[in-house]
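User: Can you walk me through the terms used for this fold, and what backs each one up?
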Amino acid sequence: MGRELDLERARQWHASRTLHHSDFPPERLRAERTESVSVCVPARNEAGTVGAIVADLLELREAGVVDQVVVIDAASTDGTPEVASQAGAQVFQESELVPEVGAPLGKGDAMWRALSVLEGDVLCWVDADSGGFGPHFVCGLIGPLLCGEPAIQFVKAFYRRPFKVGEVALPEGGGRVTELTARPLLNLFYPQLAGIRQPLAGEIAGRRDLMQTIPFGTGYSVEIAMLIDVWSQVGLDGLAQVDIEMRQNRHQALGDLTPMAYAVLRAVATRLAREGRASEIDSASDLLVPAGSSLEERRLELLERPPFASLAVPEES
């Protein structure tokens, strides 16, 4: 009976908290917002797309919709930081933010370190590799937080993701780890989140106070771990999802998706163990990760950064 109630609650949530980006045009956001907004773009070797993304974000800043545009670069070698800076973004090297925690550990770590330089009341992250990016990505994400119900604390994007190989593009078929790993895991263990269309979407927004109180996965686990942790804190009523219509990015070979699927599975298993619903994960299980990178690299990708608010704040002299 409990599972049926969870699924019914998820259906009710889906009906009331699934929105469309067109509900939040720039003019409405500019007129109604009372909070500051920072947008962050984690990037590594994305010179081909980051300039256009930053240009769209700067248009929103000029239109009075957002206040800060930041790119966190992960030691790119293709000129990504130069392109982003020339386009008008504030650019920071991941390794130079919160250096006392050690070497950078991937995208989730870059998102976490960004909390040290993002100034807004509302924080938004978007991926740097999106083809067809538009201002509506950000407007849709921040809209429910600026103009929606006060209870909303966190927003995820969802979209149609075509599958493109070379010059051939199919209307559907992208997001294989989402459909084959992430959503089945949520349906089985967290049915309250069954209505989330894109649990691994990198396009998110949240209130600053909330984002500073959750841990951040450092590798491929960041999105699903964040979703579960946020839901644990604010419940379904604190979540919303927004249709941004379509997102196009590069697709990896099937074999290359194994580490991503493993990280997603491990993040869910770790949370089940914390809740007393599964055994603690033996670190030896990391040996099961297929070849393709060193065991040490795999283990580092599975680490989590603690809630940013838990960091020691230096006393003023």
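Analyst: Helices (H or I, at least four residues) and strands (E, at least two) are DSSP runs, numbered from the N terminus. This is a predicted model, where local features need pLDDT of at least 70, side-chain atom pairs count only at pLDDT 80 or more, and totals for chains, interfaces and linings use all residues. Residues are numbered from 1 along each chain as its sequence is written, and side-chain values use heavy atoms, with hydrogens and water left out.

User: What is the order of the strands in the open sheet?

Analyst: Eight strands line up as β1-β11-β6-β9-β5-β2-β3-β4, with mixed pairing. The twist averages 25° from one strand to the next.

User: What makes β1 and β4 edge strands?

Analyst: Each of them, β1 (18-20) and β4 (90-93), pairs on one side only.

User: How do you know that β2 and β5 pair?

Analyst: Four bridges join β2 (residues 37-43) to β5 (residues 122-125), and the two run parallel; the pairing rule asks for at least two. C40 has W125 of β5 as its bridge partner, and V39 stands opposite C124 in β5. On β5 and β9 there are also four bridges, this time antiparallel, with C124 opposite A205 in β9.

User: Which way do the β5 side chains point, and are they buried or exposed?

Analyst: V122 and C124 point one way, L123 and W125 the other, and all are buried. Buried means under 20% relative accessible area, exposed over 50%, partly exposed in between (1.4 Å probe, protein chains only).

User: Why are α3 and α4 called roughly parallel?

Analyst: α3 (residues 47-62) and α4 (residues 80-87) pack at about 20°, axes 8 Å apart. Axes are lines fitted to C-alpha atoms, for helices over the stretch in contact, and angles run from 0 to 180 degrees between N-to-C directions. Angles under 35 degrees count as roughly parallel, over 145 as roughly antiparallel, 65 to 115 as roughly perpendicular and the rest as oblique. So α3 and α4 are roughly parallel to each other.

User: And why does α7 get that label with α10?

Analyst: The axes of α7 (residues 176-189) and α10 (residues 258-274) come within 9 Å and cross at roughly 10°, which makes α7 roughly parallel to α10. Contact (heavy atoms within 4.5 Å) involves V177, T181, A182, L185 and F189 of α7 and M260, A261, V264, L265, V268 and L272 of α10.
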